[in-house]
Amino acid sequence: DSVGYKVGAMILDLNDPTKTLYRSNHPILTPQEWYENDWKPGVVYASGAVVLGEDLIVYYGGGDKYVAAAKMNLNDFLHKLKSNQHAVLEPIRV
């Protein structure tokens, strides 16, 4: 599906950030939750990320109206990205 905004990921070379070392072939976050399709349907956009414990947490906007967070184990995320597997962030529900 090509409609809307999705989030991908890439790892750049630390010494030469113009060089892409790894890049996701599929989106790591797609608009599937109700709040990502509420006001402006089909929109997710990353606005920040942190490593907390063993998890990568990505803060993102959904539907141009909500702020949310999604996560994945950092080691699993990096392994999947580097081995060309489909890494998927899961929304954090509170």
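A search of the whole structure, which is a predicted model, finds 1 cavity of 30 Å³ or more, where a cavity is a set of points on a 1 Å grid over the protein atoms alone at which a 1.4 Å probe fits but cannot get out. The largest cavity has a volume of about 50 Å³, a volume being the space filled by probe spheres set on the grid points, which are joined across faces, edges and corners. To see its lining (residues with an atom within 4 Å of a point), select Arg-23, Ser-24, Asn-25 and His-26 together with Lys-80, Leu-81, Asn-84, Gln-85, His-86 and Ala-87. This lining divides into 2 nonpolar, 6 polar and 2 charged residues; Ala, Val, Leu, Ile, Met, Phe, Trp, Tyr, Cys and Pro count as nonpolar, Asp, Glu, Lys and Arg as charged, and the others, Gly among them, as polar.

Asn-84 has a positive phi of about 60° although it is not a glycine, and at 53% relative accessibility it counts as exposed (over 50% relative accessible area, with buried under 20% and partly exposed in between, for a 1.4 Å probe and protein chains only).

Select next Asp-64, in the loop between β4 and β5 (66-73).

Now turn to the largest pocket, with a volume of about 160 Å³; a pocket is an open set of points with protein on both sides within 12 Å along at least five of seven lines. Of its 15 lining residues, Ala-9, Ile-28, Leu-56, Val-58 and Phe-77 are the closest to its centre. Two or more lining residues come from each of β1 (10-12), β3, β4 (55-62) and α1 (74-82), and β3 gives the most, with 4. The lining consists of 12 nonpolar and 3 polar residues, with no charged ones.

Finish at Glu-33, in the loop between β2 (20-23) and β3 (44-52). Glu-33 counts as buried because its relative accessibility is 18%, and it touches Pro-91 and Arg-93 (heavy atoms within 4.5 Å), leaving aside residues up to four places away in sequence.

Residues are numbered from 1 along each chain as its sequence is written, and side-chain values use heavy atoms, with hydrogens and water left out. In this predicted model, local features need pLDDT of at least 70 and side-chain atom pairs count only at pLDDT 80 or more, whereas totals for chains, interfaces and linings use all residues.
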